[in-house]
Structure formats: structure tokens, C-alpha cells
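User: Hello! I am new to this structure and would like to learn how to read a few of its features. Could you walk me through them?

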Amino acid sequence: MQNDNRSQTRKAISLALGAAMALAGAAGFLWMFFFVVEPVKIMIWMAPIGVMATGIAILYDDLRKS
């Protein structure tokens, strides 16, 4: 019983963090795309894209297992 509750709690936390990472990455990407005027190196673009991709991967893994 306790293991099932812990599993459900971990899944809920994982879904929330995955969604937060995906949204934060998308927001960072869109902010850079619309509001940064000067040229930006590709290494800086990789940060929001990487965060967004990690969040999507977490969500995909959690939703695939359910």
C-alpha cells in the first residue's frame, strides 16, 4: 500500500516538473526569439531548447508508462 502511494506521488511530482520544464523552455525560447535583437551564439540557444526537450522527454516517459 505504501509503495503504491509513493509511486503515485512520485509520478505526480514528475509530471508537474516535466510540464514546468517544458513550459519554461518554450517560454525561454520564445522570449529569445522575439525580444533579443543582437546575434546570439548557438550555445546560448541550446539552453532553453535543452530544458524544453528534457521536459518533453520526462512527460513522454511518464505518460507512456501509464
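Analyst: Let us begin with helices: helices (H or I, at least four residues) and strands (E, at least two) are DSSP runs, numbered from the N terminus. This is a predicted model, in which local features need pLDDT of at least 70 and side-chain atom pairs count only at pLDDT 80 or more, while totals for chains, interfaces and linings use all residues. Residues are numbered from 1 along each chain as its sequence is written, and side-chain values use heavy atoms, leaving out hydrogens and water.

User: Where do Asp 61 and Arg 64 lie?

Analyst: Both belong to helix α2 (residues 42-65), three residues apart, which is about one turn of the helix.

User: What joins their side chains?

Analyst: A salt bridge is a side-chain nitrogen of Lys or Arg within 4 Å of a carboxyl oxygen of Asp or Glu. Here, Asp 61 and Arg 64 form one at 3.0 Å, N to O, and the count by this rule is one salt bridge.

User: Is Asp 62 buried or exposed?

Analyst: Buried means under 20% relative accessible area, exposed over 50%, and partly exposed in between (1.4 Å probe, protein chains only). Asp 62 counts as buried because its relative accessibility is 12%. By contrast, Asp 61 is partly exposed at 27%, and Arg 64 is exposed at 53%.

User: Which residues does Asp 62 touch?

Analyst: Contact means heavy atoms within 4.5 Å. Leaving aside residues up to four places away in sequence, Asp 62 touches Lys 11, Ser 14 and Leu 15.
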